[in-house]
Amino acid sequence: MLFPRQVGKGAQRLGLFVLLLAAWKTGSGQIHYTVPEEAKHGTFVGRIAQDLGLELAELVPRLFRVVSKDRTDLLEVNLQNGILFVNSRIDREELCGLNLECSIHLEVIVDRPLQVFHVEVEVKDINDNPPVFRGREQRLFIPENRLVDSRFPIEGAADADIGANALLTYTLSPSDYFSLDVQASDELSKSLSLELRKSLDREETPELRLLLTATDGGKPELEGAVQLLITVLDVNDNAPLFAQAVYRAHLLETTANGTLVTTLNASDADEGVNGEIVFSFGSDVPLNIKKNFKIDSSSGEIRLIGRLDYEETKSYEIHVKAVDKGSPPMSNHCKVLVKVLDVNDNAPQLSITSLSLPVREDTPLSTVIAFVSVSDRDSGVNGQVTCSLMPHTPFKLVSTFKNYYSLVVDSALDRESVSDYTLVVTARDGGSPSLWATASVSVEVADVNDNAPAFAQPEYTVFVRENNPPGCHIFTVSARDADARENARVSYSLVERRVGERALSSYVSVHAESGKVYALQPLDHEELELLQFQVSARDAGVPPLGSNVTLQVFVLDENDNAPALLPLPGAGGGAGAVSELVWRSVGAGHVVAKVRAVDADSGYNAWLSYELQPAAGGARSPFRVALYTGEISTTRSLDEADSPRQRLLVLVKDHGEPALTATATVLLSLVESGQAPKASSRALAGAAGAEAALVDVNVYLIVAICAVSSLLVLTLLLYTALRCSAQPTEGACAPGKPTLVCSSAVGSWSYSQQRRQRVCSGEGAPKTDLMAFSPSLPQVPGTTEERQQPSESEHLGKVW
């Protein structure tokens with residue numbers, strides 16, 4: 001914008017103002033800095049260019065400048081580094097006086113484009129001003145006949161600082177006649193007066209000089225002092241006299257404002273000015289008197305200017321001072337007693353005294369639990385009060401005496417239904433309109449032990465794996481008692497009994513407070529499959545009540561037993577080795593031997609399978625072993641090329657996780673048909689006799705096996721028929737004690753003889769077998785052999 005040269009400075013400023021208004025929206029907010037007053041020249045205030053987002057290189061080209069409504073020489077900006085610093089002395093008191101907040105407002109202007117920024121620099125106060133009195137001395141004129149304890153006001157000091165720096169304390173130089181009395185109206189305002197401690201005598205001491213010192217609360221402390229020049233006067237020795245020392249007045253609490261209370265009468269024996277009297281309230285009159293009453297300084301009339309309230313203040317004691325106009329002036333005091341009269345504006349008052357709270361739930365009817373007293377500060381009909389109880393509760397009010405009632409039990413209590421009652425008592429007076437008041441009392445019903453602990457269900461089933469660590473947590477029982485406090489504090493214990501030859505407490509324990517059940521020792525599925533016991537819950541009431549819950553702990557099987565090899569009757573070798581003679585003339589599929597093993601576990605952990613280990617050197621063996629029966633049979637016809645001594649290693653493995661194994665060694669001797677097997681060089685002499693003995697043994701063995709098998713078949717048929725006729729709904733299943741071993745075409749399982757199981761005869765197998773299953777567990781789908789696998793929680797075995 002261009003201006004003609006003739007335009008003056010005023011027009012240029014107006015144009016600049018218009019530009020500032022146009023650029024207002026391009027500015028960016030306000031920046032706030034703080035600086036202590038009296039900071040030295042060059043004191044750092046802030047990096048104004050950086051805070052405004054301006055580059056140092058563009059400060060001069062963009063005509064960076066600072067404009068202030070206040071003094072512009074206090075702060076300056078270094079255009080080389082963009083730092084705002086103190087340029088001249090800053091006096092906070094000169095800038096802001098006694099204001100608590102003091103700031104310097106700057107406007108920063110830059111061109112190309114035109115931008116305006118607003119900067120606020122807050123000036124912090126320091127203690128740089130000592131307390132100052134108005135003059136170097138204060139003069140007081142006190143008549144010599146003033147009484148001891150008279151007070152004479154004096155002027156205090158002023159401090160230009162603020163806050164704690166302006167908080168003043170006063171001390172007076174030692175004097176026999178005067179002491180300093182400080183009355184604090186607030187934290188910073190204090191009234192000072194000299195209190196006369198000893199009677200004055202002008203002839204003895206016509207003048208006193210005291211030093212009054214004021215100290216502020218800054219750090220470091222600053223102080224100021226003033227001389228107090230006290231002149232003792234010897235004139236006007238007659239003080240005003242009141243007609244009576246005490247004036248009395250009575251006012252209704254509904255008296256209107258402006259009503260005359262009383263007129264004071266005082267006289268002064270002096271003449272002229274010394275006899276003219278001025279009335280005023282005393283300096284120690286409370287604030288509520290000044291709010292409610294005023295006094296005419298000339299006539300002595302006292303009038304009501306506020307609202308009276310009998311309930312708040314029943315009477316007022318007003319101290320009035322009469323001062324003459326003599327030099328020095330003399331004064332006297334009197335007392336005005338104003339009694340406030342009551343009117344019917346008070347509601348009844350209730351007082352409830354509890355005698356036996358809380359109330360037991362078995363408290364008899366008509367038992368007194370509390371006393372209720374009512375009162376009304378009014379009189380006559382307005383003070384007659386009636387009481388009522390609401391709402392409908394198991395209690396009632398019974399009048400015992402005038403304005404006294406008893407709160408009694410009216411019907412049976414049950415803490416479990418309602419544990420506490422809030423009773424509201426209403427008192428209503430007989431005034432018109434009636435005034436009323438209410439009071440509430442909370443009646444707590446105390447518990448009586450009338451509820452036994454109760455479990456959520458009468459029986460719990462718990463499953464625990466065997467070989468658990470000693471002290472492991474297996475279950476938590478919890479019983480709830482509807483009572484409260486001690487009556488509801490439940491403790492748990494075992495109902496002791498014998499488990500076999502041992503006490504129940506040697507197996508499990510229960511925590512008395514939490515109800516946690518712990519296994520004290522590792523449980524063995526093969527020894528103890530089901531542990532059934534009871535836990536008792538008892539409360540702490542008197543007498544205690546209790547109940548029991550039954551726990552059925554099923555011990556689940558773990559694969560902790562490896563297969564055990566059984567010796568074969570009539571075969572050579574021990575439990576881990578089998579020796580058999582095999583004729584070379586046998587054909588393919590001929591069974592030459594059988595490996596027998598059992599597993600003390602149950603279910604899949606006891607389900608055994610057999611594998612033939614590869615021969616050394618990788619040679620193919622003419623024998624194989626059945627996967628689940630352990631029968632060793634030929635895979636082809638034997639010939640002369642086969643070694644006469646065959647050593648087979650059979651691996652027996654269960655189906656547990658992880659699987660456990662055992663190894664059986666089978667020694668087969670191949671002999672020609674009609675010939676005895678080759679003997680060693682040391683037994684060659686007895687070969688013919690051994691061959692004859694072997695033939696005889698084989699014949700007897702075959703006959704014995706046939707006889708035993710026939711007897712077994714007959715026994716099983718008879719047993720099955722008897723069981724099926726006794727329990728037709730369960731088929732051929734009944735509780736019993738199976739023998740040691742049971743085998744079938746699908747495998748073999750071991751069976752613990754210490755437990756009773758249901759026994760079922762095998763179906764579809766070519767041999768006379770027994771297989772023990774759990775009747776509640778389904779069969780696992782799979783191959784023909786796998787479909788007869790047992791449940792993991794049952795023992796299975798073979799019977800020969």
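Predicted model: local features only at pLDDT ≥ 70, side-chain atom pairs only at ≥ 80, totals over all residues.
## Overall composition

The chain comprises 800 residues, and buried residues account for 39% of them. Its secondary structure consists of 5 helices and 56 strands.

Where contacts join residues at least 6 apart in sequence, 66% of them connect residues at least 24 apart. The accessible surface of the chain is about 44000 Å², and carbon and sulfur atoms contribute 54% of that area.

## Aromatic pairs

The structure contains 9 aromatic pairs. One of them is formed by F401 and Y404, whose rings lie 6.5 Å apart from centre to centre, with 40° between the planes; the pair is tilted. F401 is exposed because its relative accessible area of 60% is over the 50% cut-off. Y404 has a relative accessible area of 45% and is therefore partly exposed.

A further pair joins Y460 and F475, with ring centres 5.2 Å apart. The planes of Y460 and F475 meet at 50°, so this pair is also tilted; an angle under 30 degrees would count as stacked and one over 60 as edge-to-face. Y460 belongs to strand β33 (residues 459-465), whereas F475 belongs to strand β34 (residues 472-476). The pair therefore ties together parts of the chain that are 15 residues apart in sequence. Both Y460 and F475 are buried.

Another kind of ring contact involves an arginine. R502 is placed over the face of Y507, at 4.6 Å from the centre of the ring.

## A three-stranded sheet

Strands β2, β5 and β4 build an open sheet of 3 strands, in the order β2-β5-β4 and with antiparallel pairing. At the edges of this sheet are β2 (44-46) and β4 (75-78), each of which pairs on one side only. From one strand to the next, the twist averages 40°.

The pairing between β2 and strand β5 (residues 83-86) is antiparallel and runs over 2 bridges. Within this pairing, F44 has F85 in β5 as its bridge partner.

## Summary of the local features

Two tilted aromatic pairs have been described, F401 with Y404 and Y460 with F475. In the former, F401 is exposed and Y404 is partly exposed, whereas in the latter Y460 and F475 are buried.

How values were computed. Residues numbered from 1 in each chain as written. Heavy atoms only, no water. Phe/Tyr/Trp six-rings, centres within 6.5 Å; stacked < 30°, edge-to-face > 60°. Buried < 20%, exposed > 50% of the residue type's maximum accessible area, 1.4 Å probe, protein only. Helix = DSSP H or I, 4+ residues; strand = E, 2+ residues; numbered from the N terminus. Lys NZ or Arg CZ within 6 Å of the ring centre and 35° of its normal. Pairing = 2+ DSSP bridges. Axes fitted to C-alpha atoms, helices over the stretch in contact; angles between N-to-C directions. Contact = heavy atoms within 4.5 Å. Areas by Shrake-Rupley, 256 points an atom, 1.4 Å probe, with all protein chains shown as cover.
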